[in-house]
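Here is a short briefing to read alongside the model.

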Amino acid sequence: MNAISFIPLLLALTLSPLLLGVINRTKAFFAGRHGQPLLQTYFDLWKLLQKGAVYSRTTTWLFRAGPMIGLAAALTATLLMPLGKCPASLAFPADFLLFAGLLGLMRFFTVVAALDTGSSFEGMGASREVFFSALTEPALFVALATLVRETGQLSLSTMFGQVSNAHWLHSGPALGLVVLALMIVLLAENSRIPVDDPNTHLELTMIHEVMVLDHGGPDLAFIFYSAALKLWLLSALVVGIVLPGTGDPRLNLLLAVGAVFGVAVIVGVIESVMARLRLMIVPQLLVGAGALAATAFLLALKLN
Amino acid sequence: MKAAAPNALHNGEPVQLGDIPVPTITDFRERVLQACEGGSRIAALFGQPAADGNTRLFAVMASDVKGQLALWSAMVPDHYPALTPSCAQAQGFERELAEQWGVHPDGHPWLKPVRYHHSYREGHDAWGRSAKSPIQPGVTDFFAMGGDEVHEVAVGPVHAGIIEPGHFRFQCHGEQVYHLEIALGYQHRGVERALVGGPNKRTIPFMETLAGDTTVGHTLAYCEAVEALAGVDAPARAQALRAIALELERLANHTGDLGALADDVGYLPTASYCGRIRGDFLNLTALLCGNRFGRGLIRPGGALFDLEPARQSQMVERLAQARQDVTSAVELLWNSSSVRSRFENAGPVSRETALELGLVGLAARASGIERDVRAQFPSGLYRFAQIPVSSYHSGTVFARAYVRWMEIQRSLAFISDQLQALPHGPVRAEIGPLAPQHLVVSLTEGWRGEICHVATTDATGRFAHYKVVDPSFHNWMGLTLALRNQQISDFPLCNKSFNLSYCGHDL
């Protein structure tokens, strides 16, 4: 581990809230509006951190633990994510299992905290979240397994360090399918349209947002920040495959950061040009992502 | 069928109270049920206190086929056999009757308060509550399902959005809704009671705020009732201006609703554009009278504002621009498959159900019923200038959205036509005293549907009783049934497709 390997971590910590600003400005552009400031998420986080929190008497320690454990899990996962051929702060064989596990842990505690409120809305949101994540997780794992097979590496850092133009030339279809599957996972995991609508005020239709309705103040800031980190991590995952890298490490990093924001713009465009899916159709999309990943895996087996 | 029954009347035709036959309650029931079976619907059913301490029932039956109203009346003591078991559309009216006058409809399957207030007839309460016991809105029995796997979701009366208060109870199995029950009454202000003794200075403000988004519709219904009772016709030019205002109100609300429907499915472009274009239509109303909602425009005898040539040409210009904008914004909606897949098959109300519930307005037309006051019971300008009835067969969210779009197009064409050929002359006529001991039924087609006002005058020509039936009063039950076996996550979308009024219902 050297000083360079902290760069992806620092970039994620500082720039991830900006991603939401980019998505919102993209959507505003399509809607013909000026839109909120790019830095709005930072302002929101700062505002929330100044506030106190109100806790319902029906909740227990689980409700307070949820946002903290969620943030801790997101931060730990950030340690594992490389960017632009620059290795992550923490890398060891099969660390991608830990990465997926940390995302799962984060979700588990969000769900448990939501159930702890005893609210019927939050219960519905929790049920939807668990159902949908049960479908996205296999897609994520199979997509990562395909990369393992393609690169012959077991760590995220070395895996993404290895992906090159040669891989795309040799097994482009497999990698393309992986990217597609991961994009769907990204949209679902970050509760974006067409799976969820982060801007709605309608509790009955929400998935992720409804689970955090009872959180406020610093707890909500933790949740927002973890969500921003999660969006960054999954974007970095997609970018790591798409960008094969150049010889220049600085250019690599610059391109990667640009590409992460490019993913945010794509998310914004998707949200602007299509409506949200009916809730009962969402599983079809997610199973579709799993099928894409599985096809990619089969291709990778065949091609190598 | 007798050709000229003494109880047949037209929209805006005053009848002497003494001329209305008063059969026994048994005959009354039979006639109302027969009329329902014969294809008529209940436009209004209400009670009025009689001198002997009993209650006098009035039923206004509307026959869409004949374009004619029938009025039946009967005296009832404290209870009578309910109409609802044989005629479902009476359910809300009979609950209202029980609540207001303590008249118990025996055999009503789900007799619950409508607005949660004390009986107007002291000592008579359909539920045997004392006049001193406090009544909390929404505190009542709700339909409940049992079992380990069912769950109940309660929403409101305080909502996440900026909307009116109402309480919704869902009985669900997973995501599927088995039953939705709606409790309203949080906005009950006692408008009908406050109107008794009018018309006075407070009457017009009450009318203009009966339902804030239907200012023109309700004020027009009221003014036409007063004009009928006074035997005065509004000048032709005023009638044209009022019709233009009514259509502008329809345009603004329909456009806003299409935007809101787009917003509910997360389709951004139409949501944003329609929000703005709704403002453009509201501003056209403001151009007419200085108020975006049309307050201060319509008065008994005509209108308070005229449209001089300069503003008239400005309106033509701005209307053309708004037409262009709304067309491109709404076409985005129909051309987007993801939107259509959300709208189609969501919240269906069959034609049979709609007929049975007596739905009115665009909700009825979206279920394939040709029901439009402007075509079947025309008053004012609509007697001379027709608007085709826009209907669609499927009864789903898509149908309700698409009917809105057809009506937008037809209203735009209608306003353009009227602006080109505005009659000349004054815009206001003098109103004399109202005919004493008369009753008049006044119907207008507000943007939601049929607005029914029934006014009766006393011996001095003052309102002895004033009944308001907002289209929402008929249609809330339609929303309930639209949700059966639907996904609970589709409720906001179904709700928005009806977009019913809480304060118009609660009065």
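In this predicted model, helices α1(A) and α7(B) are oblique to each other, because their angle of about 55° is neither under 35 degrees (roughly parallel), nor over 145 (roughly antiparallel), nor 65 to 115 (roughly perpendicular). Local features need pLDDT of at least 70, side-chain atom pairs count only at pLDDT 80 or more, and totals for chains, interfaces and linings use all residues. Residues are numbered from 1 along each chain as its sequence is written, while chains are lettered from A and ligands numbered from 1 in the order in which they are written.

**Where α1(A) meets α7(B)**

- Axes here are lines fitted to C-alpha atoms, for helices over the stretch in contact, and angles run from 0 to 180 degrees between N-to-C directions.
- The crossing of these two helices, α1(A) and α7(B), is right-handed, meaning that the near helix is turned clockwise from the far one by less than a right angle.
- On the α1(A) side the contact involves K27(A), F30(A) and A31(A), and on the α7(B) side L268(B), P269(B) and S272(B). Two residues are in contact if their C-beta atoms, placed from the backbone, lie within 7 Å.
- By class, the contact of α1(A) with α7(B) has 4 nonpolar residues, 1 polar and 1 charged. Ala, Val, Leu, Ile, Met, Phe, Trp, Tyr, Cys and Pro count as nonpolar, Asp, Glu, Lys and Arg as charged, and the others, Gly among them, as polar.

**The wider interface**

- Across the two chains, 26 residues of chain B touch 23 residues of chain A.

**Chain A**

- Chain A has 11 helices and 0 strands. Helices (H or I, at least four residues) and strands (E, at least two) are DSSP runs, numbered from the N terminus.
- Its radius of gyration is 19 Å, close to the 19 Å from the globule rule for 304 residues, so chain A is as compact as a globular protein of that length. The radius is taken over C-alpha atoms, and the rule is 2.2 Å times the number of residues to the power 0.38.
- The C-alpha trace of chain A spans about 55 × 45 × 40 Å along its principal axes.
- Helices α4 (residues 95-116) and α5 (residues 120-151) of chain A pack at about 175°, with axes 10 Å apart, which makes α4(A) roughly antiparallel to α5(A).
- Among the residues making that contact are F96(A) and V111(A) of α4(A), and L140(A) and F141(A) of α5(A).
- The contact of α4(A) with α5(A) has 10 nonpolar, 4 polar and 4 charged residues.

**Chain B**

- Chain B contains 16 helices and 15 strands.
- Its C-alpha trace spans about 65 × 60 × 45 Å along the principal axes.
- An open sheet of 3 strands in chain B runs in the order β8-β9-β10, with antiparallel pairing; strands pair if DSSP finds at least two bridges between them.
- Strands β8 (150-155) and β10 (176-183) of chain B are at the edges with a single partner strand each, so one side of each has no neighbour in the sheet.
- The twist averages 20° from one strand to the next.
- Strand β9 (residues 167-173) of chain B is joined to β10(B) by 7 bridges, and F168(B) has I182(B) as its bridge partner in β10(B).
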